[in-house]
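The sequence and the model are shown below.

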Amino acid sequence: MDIVLHRVARYAWDMVVNASSPSAPLIWILAGEASGDVLGARLMQALQARNPAIRFAGVGGVRMEEQGLHSLFPMRDLAVMGLVEVLPRLRSLSARLNEAVQDIEARRPDLVVTIDSPGFALRLLRRIAGLGIPRVHYVAPQVWAWRQKRVKEFPGLWDELLCLLPFEEEFFSRHGLLTKFVGHPVLQSGAETGDAARFYQQHGLKDGARVLILMPGSRRSEAPRLLPVFGKMLALLQRDMPDVVPVIPVSPVVAATVARETARWPVRPVIVTEVQDKHDAFAAAGVALTKSGTSTLELALAGVPMAVTYRVNPLTAFMARRLIRVPYVAMVNLLAGRAIVPELLQEQCRPAVLASAVRALFENPKLANGQKEAFKTVLHGLQGPGGKLPADAAADAVLQLLADKMQKKGETENT
């Protein structure tokens with residue numbers, strides 16, 4: 001019943017919008033997880049700033065709904081990671097794919113934008129390839145890191161690929177795929193806007209307390225793997241650095257898991273779930289220990305010296321080492337082309353090794369400042385073309401493709 005009511009409300013709203021602006025461009029947009037929802041919301045906002053008449057349909061989360069999207073179905077239906085988690089959901093994911101295809105066929109939008117979530121998005125793009133609708137995929141699949149042969153599957157899936165990393169444009173263009181670098185969204189995250197004094201006051205920290213950021217991952221499968229190691233590391237640090245205060249920024253989804261896993265730690269961590277509180281923690285921090293990924297760019301933007309660590313199943317690690325084609329796993333190192341932050345992976349993800357790395361960053365200003373200077377160069381390279389904000393550069397690319405379509409349509413009608 002809830003699904004029926006949801007659809008009735010959505011189509012009623014669509015009828016009102018379409019009646020008021022029947023000739024306004026319609027963009028069908030899809031995001032499948034939280035990070036894509038943020039990207040989608042920023043893109044929608046930038047598009048409407050340029051053309052307030054633009055209408056949207058598709059699938060998104062809370063952030064995109066705040067920009068006026070009435071989601072075809074809940075985005076959480078697509079937010080599934082990992083083979084084990086996906087297998088029981090194959091039937092429902094297939095049904096959602098059919099629903100999305102049917103919605104696009106019925107609406108005939110002027111353009112389709114899919115954001116990240118390649119497992120679902122690329123299947124959708126393939127299914128609608130014959131409709132003659134311009135297609136944009138935002139966030140390049142990271143096939144440059146491993147399984148590079150997959151790039152041969154991409155021709156014909158999109159009319160343009162918008163990528164976040166500067167080297168991706170050359171990589172995909174080399175394979176005959178129209179690609180445009182638009183800049184990395186971390187530059188719009190606000191990670192550098194925190195207030196250290198506010199964090200100390202809000203959490204009752206003593207003057208001189210040394211804040212250590214711990215980022216074990218945003219998924220339920222990640223945090224339990226790293227948190228036990230972090231707890232043992234803290235026990236070692238406490239012997240000669242009793243003033244260290246661990247702070248763990250996490251999404252609300254895993255907050256309960258983190259609280260449970262850290263209940264017996266020698267020092268109870270401050271668990272942060274709000275974005276502004278996280279940025280304040282960054283401002284107060286002296287050092288961070290983080291998993292690899294976009295979190296390294298957030299910390300770099302905030303100027304927090306860091307070490308990167310990660311641990312997976314030994315069999316998974318063995319297979320990954322045979323497949324990965326890049327020299328570093330930390331994004332800041334990959335972009336710098338050198339090891340500016342230590343990568344303590346798998347066998348090196350041990351309490352004593354991690355404690356030594358953290359202690360060195362706290363006690364060696366030259367080491368920490370060297371990282372901060374290197375961060376500036378990395379972040380400069382993530383700016384969009386012409387110094388544009390990433391969302392603005394992406395919006396301009398989408399509108400250019402839309403204008404090209406309208407021009408071709410006009411030329412066809414005049415012949």
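Relative accessible area is classed as buried when under 20%, exposed when over 50% and partly exposed in between, with a 1.4 Å probe and protein chains only. The model is predicted: local features need pLDDT of at least 70, side-chain atom pairs count only at pLDDT 80 or more, and totals for chains, interfaces and linings use all residues. Residues are numbered from 1 along each chain as its sequence is written, and side-chain values use heavy atoms, with hydrogens and water left out.

**Salt bridges**

Side chains of opposite charge can pair when their charged atoms come close. A salt bridge is here a side-chain nitrogen of Lys or Arg within 4 Å of a carboxyl oxygen of Asp or Glu. The whole structure contains 16 salt bridges, including those tabulated here.

| Pair | N to O distance |
|---|---|
| E99 and R96 | 2.7 Å |
| R107 and D103 | 2.8 Å |
| D243 and R210 | 3.2 Å |

Helices (H or I, at least four residues) and strands (E, at least two) are DSSP runs, numbered from the N terminus. E99 and R96 both belong to helix α5 (residues 90-107), where 3 residues, about one turn, separate them. E99 is buried at 12% relative accessibility, and R96 is buried at 14%. R107 and D103 are 4 residues apart in helix α5, so about one helical turn lies between them; both are buried.

The salt bridge of D243 with R210 links distant parts of the chain, 33 residues apart: D243 is in the loop between α9 (223-237) and β8 (244-249), and R210 is in strand β7 (residues 210-215). D243 counts as partly exposed because its relative accessibility is 28%, and R210 is partly exposed at 26%.

**Helix crossing**

Axes are lines fitted to C-alpha atoms, for helices over the stretch in contact, with angles from 0 to 180 degrees between N-to-C directions. The axes of helix α12 (residues 295-302) and helix α16 (residues 365-380) come within 9 Å and cross at roughly 115°. Contact means heavy atoms within 4.5 Å. L297, A300 and L301 of α12 meet F375, V378 and L379 of α16 in this contact.

**Strand residue E160**

E160 lies in strand β5 (residues 160-163) and is buried, with a relative accessible area of 8%. Leaving aside residues up to four places away in sequence, E160 touches R135, V136, H137, L178, K180 and A397.
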